[in-house]
Amino acid sequence: MDIASLRKTHPDHWAKASALRMLAIDAVQAANSGHPGMPMGMADLATVLFSRHLKFDAAAPDWPDRDRFILSNGHGSMLLYGLLHLTGYPGMTLDEVRNFRQWGAKTAGHPEYGHAAGIETTTGPLGQGLANAVGFAMAEERMRAEFGAKIVDHRTWVFAGDGCLMEGISHEAIGLAGMQRLKNLVVLWDNNDISIDGKVSLSDRTDQRTRFKAAGWEVLHCDGHDPDDIDRALTAARAATGPVLIDCATHIGFGSPKKQDTAGAHGSPLGPDEIAAVREIYGWPHAAFEIPGEVRKAWEEVGARGRAEREAWEARLAALPAAKRAEFERRVAGEPPKKLSATIRALKKQVSEARPKVATRKSSEMVLEVVNPIAPETMGGSADLTGSNNTKTADLGVFGPENRKGRYVYFGIREHGMAAAMNGMALHGGIRPYGGTFLVFADYARGAMRLSALMGKPVVYVLTHDSIGLGEDGPTHQPVEHLAMLRATPGYMVFRPADTVETAEAWEIALTSKNRPSVLALSRQNLPTVRLDHTAKNLTAQGAYVLAEAEGKRQAILMATGSEVEVALKARDLLQAEGIGTRVVSMPSWELFEEQPDAYRRKVLPPGPVRVAVEAGIRFGWDRWLFGEGGRREKSGFVGMHGFGASAPAERLYKEFGITPEGVAAKAKGLLGR
């Protein structure tokens, strides 16, 4: 539908959509930076969705049963900010819109979760929002099965562009969603045939409609500028029995005489002359950032449209039995179950007495076996490595179209899609997601894992086979740089536990965190119990602690994580036998140790003794603890990996790479001049 026809046949709609377009145009121009073309092209879709279909109340942005709106093509962020401002979301003032992309503004270049009410997830890296939406929809299904449709019954609506569908993560996401038959998931594809380089045909010839159909989606089509046709498609989508893609034919930069349907509308301001021409074409004589009173009132009515429905929902929630209502509220608030700490303490005591020798991936399973029954919010899974990651416990049941009460997800070989879906589950609320793969395949999940930290969501990554200790699979599967990569990511808690006790403590921290993701780096090979004396205190929460004290004068400190703590303890025995007093420090979490008071860190790592770090990974990062914190460069050494691994049994690999008690002892003695 052309602009003249829109203005004539749908004047009220056109006025509201024009307000969205002009706010985006004016904000991008004021910032001299941004993406006006997408908001100009999708404003009609947004206007119909918010005015007629989206279940929300702008005055209650955290209403648990609201529909979720996700802008996967996050470069068009001003479309979202305009919607939040015009419908009356708290805090999204006109000044925030004016300050688009400026320091301290809620209106960041791409939508950032936590900056403003109504931003459901951080988007910008293309495809992430689409993949998050799959997790949102899965969480909605799971919560509805548990609490009933009177309390949980909402949809997830996604705006996505050509770039979102080209990114590889989209293939993982649409395959997972199609297999799961997520009927409350609707994706509106901004099919404008333009990317930054120009026509999409320069780089892609995929038949997206056929692709989605092949994955089990229902595919619809509409004219993305005809409000009646848009309404028809959205109405049909709400009646679907599985996920829906709506192919929305749109014009990027709609109405721009020189830039419509060109890459020029994508990522730069229109410019004063072009904006003046657009105002004339739109019939919008108002100054920059000026919204006529009647248009503002119409949008405010849209923002209040869901108030009665929200109030009716609140009455239904209040009518629930007290225990069920309290459980729902606990889950949504992200509070841990009351029995968690006691359950972890009991397992620690049992382990310290029994002293099992098991891989820490098995230790993790032992923890989940006692935690999952008392924490109905946990929802686990694996990227086709269930038997290797030990992430499935007997009580979970399998989540799928036939069993929405199931709590275990077979994600398939989709590490990136799994991580992004878990972000969506955590963002939705009521769910504590964890998922497993090999540590080396964190590379595949990296984009979404970074966003877990950027958004501060407590997703748990169970990453097993954490070193050359996995053995014969060789260097393609042996991570050496991955711990350094994850530790370098702001906001993460990276745990590399030495035994079952430390694994249990790491899980307790991960499951009580509200604003940080966790990595549990776990071994394939069996490890002895090294925490032999039970203590109720969570020592892993301190990040590092003295595991074995020096006998006699302290001359050396051995620092180690995970499987190499055993190596350090055996090296201590060799050194002590030669009269060299040696302390062993277990360091399951660098991040938590760094956050401890200076006095505690100095107590654990006092100046004076030589220091040797032992880890079957690269040295990167260890210097902070070796010759920082009171250490000295000439009195510190590292025993670990200096390149990639090799294919051989684990025992042979440790010997060949020198990660042995003898090698550690020799390093310490060399530093002592022995």
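Is Ala19 buried or exposed in this predicted model? At 0% relative accessibility, Ala19 counts as buried, a term that stands for under 20% relative accessible area, with exposed meaning over 50% and partly exposed in between (1.4 Å probe, protein chains only). The structure is a predicted model, in which local features need pLDDT of at least 70 and side-chain atom pairs count only at pLDDT 80 or more, while totals for chains, interfaces and linings use all residues. Residues are numbered from 1 along each chain as its sequence is written, and side-chain values use heavy atoms, with hydrogens and water left out.

Ala19 is found in helix H2; helices (H or I, at least four residues) and strands (E, at least two) are DSSP runs numbered from the N terminus. Leaving aside neighbours within four places in sequence, Ala19 is in contact with Leu86, Trp284, Ile291, Val295 and Trp299, where contact means heavy atoms within 4.5 Å. Ala19 and Arg142, 123 residues apart in sequence, are separated by 38 Å from C-alpha to C-alpha.

Helix H2 (residues 11-31) packs with helix H12 (residues 293-304) at an angle of about 95°, and the two axes are 9 Å apart. Axes here are lines fitted to C-alpha atoms, for helices over the stretch in contact, and angles run from 0 to 180 degrees between N-to-C directions. The angle makes H2 roughly perpendicular to H12; angles of 65 to 115 degrees count as roughly perpendicular, under 35 as roughly parallel, over 145 as roughly antiparallel and the rest as oblique. From H2, Ala15, Lys16, Ala19 and Leu20 meet Val295, Ala298, Trp299 and Val302 of H12. By class, this contact of H2 with H12 has seven nonpolar, no polar and one charged residues. Ala, Val, Leu, Ile, Met, Phe, Trp, Tyr, Cys and Pro count as nonpolar, Asp, Glu, Lys and Arg as charged, and the others, Gly among them, as polar.

Another helix pair is formed by H15 (residues 340-354) and H21 (residues 500-512), which pack at an angle of about 170° with their axes 9 Å apart. H15 is therefore roughly antiparallel to H21. On the H15 side, Leu340, Ser341, Ile344, Leu347, Lys348, Val351 and Ser352 meet Thr500, Val501, Ala504, Glu505, Glu508, Leu511 and Thr512 in H21. The residues of the contact of H15 with H21 divide into seven nonpolar, four polar and three charged. Thr343, also in helix H15, is buried at a relative accessible area of 17%. Its contacts beyond four places in sequence are with Val370 and Ile374. Thr343 lies 9.7 Å from Ala504, C-alpha to C-alpha, at a sequence separation of 161 residues.

In soluble globular proteins, nonpolar side chains tend to be buried together. Phe411 touches Met138, Leu176, Gly381, Ser382, Ala383, Met418, Ala421, Met422 and Met425, not counting residues up to four places away in sequence.

The structure holds 19 aromatic pairs. Rings of Phe, Tyr and Trp (its six-membered ring) pair if their centres lie within 6.5 Å, with planes under 30 degrees apart counted as stacked, over 60 as edge-to-face and the rest as tilted. The rings of Trp63 and Trp313 have centres 6.4 Å apart and planes at 65°, so this pair is edge-to-face. Trp63 lies in the loop between helix H3 (37-53) and strand E1 (68-71) and Trp313 in helix H13 (residues 307-318), so the pair ties together parts that are 250 residues apart in sequence. Trp63 is buried at 4% relative accessibility, and Trp313 is buried with a relative accessible area of 4%. Tyr81 and Phe100 also form an edge-to-face pair, at 6.1 Å centre to centre and 65° between the planes.
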